[in-house]
Every structure is written in structure tokens, then in C-alpha cells.
Amino acid sequence: WLSHILLSGLHYFLPGYLAEKILQIAILILLPVGFRYMVKSFRPSESILSFLIFPFIYSMLFYMGFYNFCIAVGVFFVAIGFWLRHQNHIGRIKNELIFFLLLLLLYFSHIFVFTLFCGFLFIHFISEFITGRLIEKTFEWKKYFKKAVFTILPIIPFLILYVDYYLRRSEAFISNDDTPLRSLWQWYMYDRELIVFSFDPEVGTASLVQFVLSGLCFIAVYK
């Protein structure tokens, strides 16, 4: 809904084509800035990795007008970066309010990206538990529980909306034609989101980019 709200507000004093251009510019700024903020939250000394986002800015989804999804991805990066920087002090009122606002923007931009963010938090807490409890033997239950509680509290209202949305969703919007697993795998291997206009001439370059990025992700996880 967020892009519709922004466009409606801009329409009060701007023509339609100009309102859309401003929204597009805002998205093109949000994506790299948000990604850089997230990267510096993970590894402040390796901010050069921020440039990896640029091949994905002018994506197929952006050209097709999926503005809500593009906004959500940018907010997703900011939300991850903010939580990583303030996770040990997330219980402070200021941090809780900012975190709640980021969740609000994320949920009303795109529910799928909101789901990914919740998945990130879940995996992070599981990883922290395994590392601290089973490997390093330095697990602090009180600190862990406090951080988990103050992280989950702002999410609860959106989880209620999330469940209500799926319970109320009409059967008319549920498609029985699921995308085959083979097609999804081809989209991944060809990095389909990078190909906008012509598939055949660009598939080689897109596949190379996907191979390099997959290798970098593997190295990052391995390290």
C-alpha cells in the first residue's frame, strides 16, 4: 500500500507522471543507501561490498512497476542494519519506536518481504543460541531473553494483521497453477530479475553475475 499512499499524496500538487518519477527516484536512492547501511552494520571495514547492489537497482521488478516490493527491499536493508546496530539496546524507548516504524513501513510495503525479515530474526536468534550455548559455552540467558522479548513485542501487532490477512483472504486470489520447481530454479540460475528487455542476449551476463554473487555468499557464510 505504501507506494499508493505516496503517489496519492504527491498527486495533490503534482501531475501523475511527475509524481511517479519522484517515487522512482526515491526508490533508486533508498536501495543503495539502505544496502550500504546494512553492509556497514555487518562489516564496517568492508563497505566496498555496498557496490554489489547496483546491478539489482534497475531490475525487472522495478521496470514492471512493482514499486511496493522495491520499497520494501530498501526498508528491509535498513531494518536489518538498524537491528544489528541496536540489538543489545533494543529495549530503549527510542530504539523501540524506530524499530516499530521500520516494521510499519515494511509490512505495509510488502508482506512477503516482511516475512523474510521475520525469518532473518528467527535464524539470527537460533544461530546465536547455538553459537553461545553449544560452541562457545558463554550463553547468557537473561540477556538473550531480554533481547528476544523487546524484539518480538513491536512485531506482535503486525503478526496479528498477518494472520488475519491470510484467514480473510478470498479463495478467488489463491491460484492453483503453482510455478514448477524447474522454472524457479532456472530463474535463479539465470538471475532473471536482472534481465528486463531481451532475454537471450543478456542471459550469459546475468548467469555470470549470479555465479559470482553465489560464490561470494558461500565464502561469507563459510568465513
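## Surface

Accessible areas come from the Shrake-Rupley method with a 1.4 Å probe. In this predicted model, the protein exposes about 15000 Å². Carbon and sulfur atoms supply 70% of that area. Of the 223 residues, 33% count as buried.

## Fold

What kinds of elements does the protein have, helices or strands? There are 10 helices and zero strands. Along the sequence, the pattern reads α-α-α-α-α-α-α-α-α-α.

Take the contacts with a separation of 6 or more: 64% of them involve residues 24 or more positions apart.

## A nonpolar patch

Which residues form a nonpolar patch on the surface? They are Ile48, Leu49, Phe51, Leu52 and Phe54. Together they have about 490 Å² of accessible area.

Look at one member, Leu49. Leu49 sits in the loop between helix H2 (16-42) and helix H3 (60-63). Is Leu49 buried or partly exposed? Its relative accessible area is 32%, so Leu49 is partly exposed. The cut-off for buried is under 20%, and exposed means over 50%.

## Confidence

The mean pLDDT of the protein is 77. A value of 70 or more is reached by 73% of the residues.

Which element has the lowest mean pLDDT, and which the highest? Helix H9 (residues 181-189) has the lowest, at 60. Helix H5 (residues 93-107) has the highest, at 89. Where pLDDT is low, the predicted coordinates should not be read in detail.

Notes. Residues are numbered from 1 along each chain as its sequence is written. This is a predicted model: local features need pLDDT of at least 70, side-chain atom pairs count only at pLDDT 80 or more; totals for chains, interfaces and linings use all residues. Side-chain values use heavy atoms; hydrogens and water are left out. pLDDT is the predictor's confidence in each residue, from 0 to 100. Helices (H or I, at least four residues) and strands (E, at least two) are DSSP runs, numbered from the N terminus. Buried means under 20% relative accessible area, exposed over 50%, partly exposed in between (1.4 Å probe, protein chains only). Contact means heavy atoms within 4.5 Å. Patches are made of residues with over 30% relative accessible area and no salt bridge: like charges are joined within 9 Å, nonpolar side chains (Val, Leu, Ile, Met, Phe, Trp, Tyr) within 5 Å. A salt bridge is a side-chain nitrogen of Lys or Arg within 4 Å of a carboxyl oxygen of Asp or Glu.
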